[in-house]
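Please look over the sequence and the model first.

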Amino acid sequence: MAVLQMQRVSICALKRDRKAILEKLQSIGLMEANQIVEDETFEKMDTKNARQSFEKRAQLADQALLVLDEYLPEKKSLLAGLQGKQLLEGSRFRKVIDDRSAVTAQANQLLALNKEIVECRANILKTENQIESLTPWNLLDVPMNLKGTKTTSMLLGMMPPEFELQDVYDAVAKHAPETEAIDIHMISRDKDASYLAVICLKSQEAAVEAALRAEGFARPSQLADRTPEEVMSQLRSQIESLEKQIEDLEKQIRELSGSREDLRILSDYYRVRAEKYEVLGTLPQSQNTFVISGYVAKRSVSVIQKKIGEKYDCVVDVEDVREDEEAPVLLKNNGFSSSVEGVLAAFGLPGKGDMDPTFFTSIFYVFLFGLMLSDAAYGLIVALVCGTVLLKCPRMGANMKKSIQLFFWCGISTLVWGILFGGYFGDLVDVVSETFFGKKVTIPAVWFVPLNEPMRMLLYSMLFGVIHLFTGLALKGYICLRDKKYVDFVCDCVLWFLLLAGLIGVLLPTDLFAGIAGQKIVFPAVVSAGAKWCAIIGAVGILLMSGRSSKNVGVRIALGAYDLYNITG
């Protein structure tokens with residue numbers, strides 16, 4: 001329940017130990033590097049090319065893994081996405097790194113095989129398109145590029161789909177009336193065109209073609225030296241050959257599936273090296289020394305001093321974070337409260353010197369979640385599912401783990417409230433028992449059933465809301481007193497306490513509250529008067545003091561009125 005104090009740790013060491021120290025800091029994982037050293041003596045090394053080289057190798061391994069996943073997907077359980085990375089023995093890791101040239105060669109081979117498959121599929125698609133374009137000419141029993149005989153010519157082409165055979169004859173007669181002899185064959189028709197073979201005298205070929213073009217005639221894009229059926233048969237054989245080639249290539253890819261884990265290790269290795277060189281590029285360096293600086297939690301500084309300062313020839317300097325520095329925020333909470341840190345981060349983490357509200361947030365979040373859902377069966381299911389996931393996947397990501405833990409506790413809270421209110425899948429138990437067994441069975445509520453006593457539920461909801469609100473005001477008051485802001489404590493906390501407590505004291509003896517609570521509460525006259533004056537003093541004080549930062553009286557009153565209006569929220 002605290003925001004850990006951060007300190008700046010600067011390490012000045014010999015340049016020869018640079019990589020070793022960086023790798024050690026990476027493995028420890030306690031420092032967030034943030035260089036501030038600005039000195040003409042130091043300069044920064046250009047590591048862009050080296051970093052890009054490692055990133056490129058990591059991408060190569062990733063692409064090879066994608067190829068394996070495409071042709072030989074791994075069988076994964078439903079919880080595979082939550083399990084995180086598996087632990088790896090050091091000897092296994094070192095073996096892969098020592099053999100990284102061979103693993104890289106396998107990655108290149110996988111990409112080359114995949115490229116061949118892609119090219120084969122492209123060729124298949126191209127061949128299928130050729131077959132599709134030849135299909136309308138399938139009934140033509142002569143080569144498509146046949147010119148004709150000594151005295152005749154053959155014109156192959158397409159006309160608009162609405163043209164019948166007689167329409168074609170009419171078009172020729174209309175545009176080339178001098179034509180002496182012509183024979184037109186309708187090969188086929190579809191929704192796109194009518195496919196024709198026109199036989200005419202060689203001397204009239206140009207005139208006939210011009211007449212046909214006037215009505216939309218067009219030559220086919222390809223003219224084979226064999227019949228369409230022969231060409232299509234050859235193209236189908238090519239497709240079969242390409243498909244067989246693809247099968248062989250896929251078989252070769254599957255034979256390389258044993259390198260999957262090696263590729264993952266290699267990808268992580270190169271990515272870590274790329275990150276290391278990225279940090280190297282930010283390090284101030286002289287001819288023989290370098291400096292690395294960053295933020296470390298105060299409680300972890302001793303670990304850095306022991307692991308780095310005692311092992312290497314270096315100087316470890318520790319200093320408090322300056323007021324103008326934006327240090328990272330690190331929270332320390334118990335296993336229950338830490339599960340709500342993600343919710344807190346969504347609204348904004350506390351800054352330096354602020355109070356960590358995670359503990360109180362976790363209490364009210366889990367409490368109110370269970371109160372709102374309040375069904376024992378649903379709560380039990382949520383708790384069991386989340387508990388199973390936590391046990392089965394101990395190495396899941398930190399943020400995901402916190403979310404699952406949060407819903408586990410919310411499930412427990414829902415279970416408890418469900419037992420108190422007698423909620424088990426709504427009224428499922430009552431309905432099922434009465435419908436199928438002829439006898440209504442009801443699991444009694446340990447406390448009361450909200451649907452049967454709604455006013456009682458409203459009363460307790462108001463009580464919980466008041467506790468929630470007053471807790472927030474108390475925390476704000478504590479912060480003001482801690483920071484010695486006594487005026488803020490009085491104006492922003494005490495006055496609101498007076499107003500709210502006074503309004504509650506005025507409300508409780510009224511007939512309105514008696515109708516809700518089912519009983520009349522009577523206060524002594526002095527208590528009622530005290531509650532009324534507390535509310536008046538609080539309201540007037542808020543009206544006059546909420547805008548105290550402004551010197552303009554009118555603006556102060558307006559700001560106070562607006563703040564007072566916020567009591568509705």
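Which order do the strands of the open sheet have? The order is 5-7-6, in an open sheet of three strands with antiparallel pairing. Strand 5 (152-159) and strand 6 (182-189) stand at the edges with a single partner strand each, so one side of each has no neighbour in the sheet. On average, neighbouring strands of this sheet are turned by 20° against each other, direction ignored. The model is predicted.

**The sheet**

Strand 7 (residues 194-201) pairs with strand 5 in the antiparallel sense, over eight bridges. Strand 6 and strand 7 also run antiparallel, and seven bridges join them. Four residues form the link in the hairpin between strand 6 and strand 7. The table sets out the two pairings.

| Pair of strands | Sense | Bridges |
|---|---|---|
| Strand 5 and strand 7 | antiparallel | eight bridges |
| Strand 6 and strand 7 | antiparallel | seven bridges |

Leu 156 stands opposite Ala 197, and His 185 has Ala 197 as its bridge partner. Strand 7 is mostly covered, with six of its eight residues buried. Helix 5 (residues 165-175) packs on the sheet, where helix 5 touches strand 6 and strand 7. The direction of helix 5 makes about 140° with that of strand 6.

**Helix 7**

Helix 7 takes in residues 228-255. How far apart are the end C-alpha atoms of helix 7, and what span should its 28 residues have? At 1.5 Å a residue the helix should span 40 Å, and the end C-alpha atoms are 41 Å apart, which agrees.

The buried residues of helix 7 are Pro 228, Val 231, Met 232, Leu 235, Ile 239, Leu 242, Ile 246, Leu 249, Glu 250 and Ile 253. Helix 2 (48-71) and helix 4 (100-134) are among the elements that cover these buried residues.

Is Glu 250 buried or exposed? Its relative accessible area is 17%, and buried means under 20%, so Glu 250 counts as buried. Leaving out residues up to four places away in sequence, Glu 250 touches Tyr 71, Ile 117 and Arg 121. With Arg 121 there is also a polar contact between the two side chains, at 3.4 Å.

Arg 254 is found in helix 7 as well. Its relative accessibility is 36%, which lies between the limits of 20% and 50%, so Arg 254 counts as partly exposed. With residues up to four places away in sequence left out, Arg 254 touches Tyr 71, Leu 72 and Glu 247. Arg 254 and Tyr 71 are 183 residues apart along the chain, and their C-alpha atoms are separated by 7.2 Å.

**Helix 11**

Thr 358 belongs to helix 11, which covers residues 358-373. Which residues does Thr 358 touch, not counting those up to four places away in sequence? They are Leu 331, Asn 333, Ser 337, Glu 341 and Leu 344. The relative accessibility of Thr 358 is 1%, and the limit for buried is under 20%, so Thr 358 counts as buried.

Technical notes
Residues numbered from 1 in each chain as written. Predicted model: local features only at pLDDT ≥ 70, side-chain atom pairs only at ≥ 80, totals over all residues. Heavy atoms only, no water. Pairing = 2+ DSSP bridges. Helix = DSSP H or I, 4+ residues; strand = E, 2+ residues; numbered from the N terminus. Axes fitted to C-alpha atoms, helices over the stretch in contact; angles between N-to-C directions. Contact = heavy atoms within 4.5 Å. Buried < 20%, exposed > 50% of the residue type's maximum accessible area, 1.4 Å probe, protein only. Polar contact = N/O pair within 3.5 Å; in protein donor to acceptor, adjacent residues only side chain to side chain. Expected span 1.5 Å × (residues − 1).
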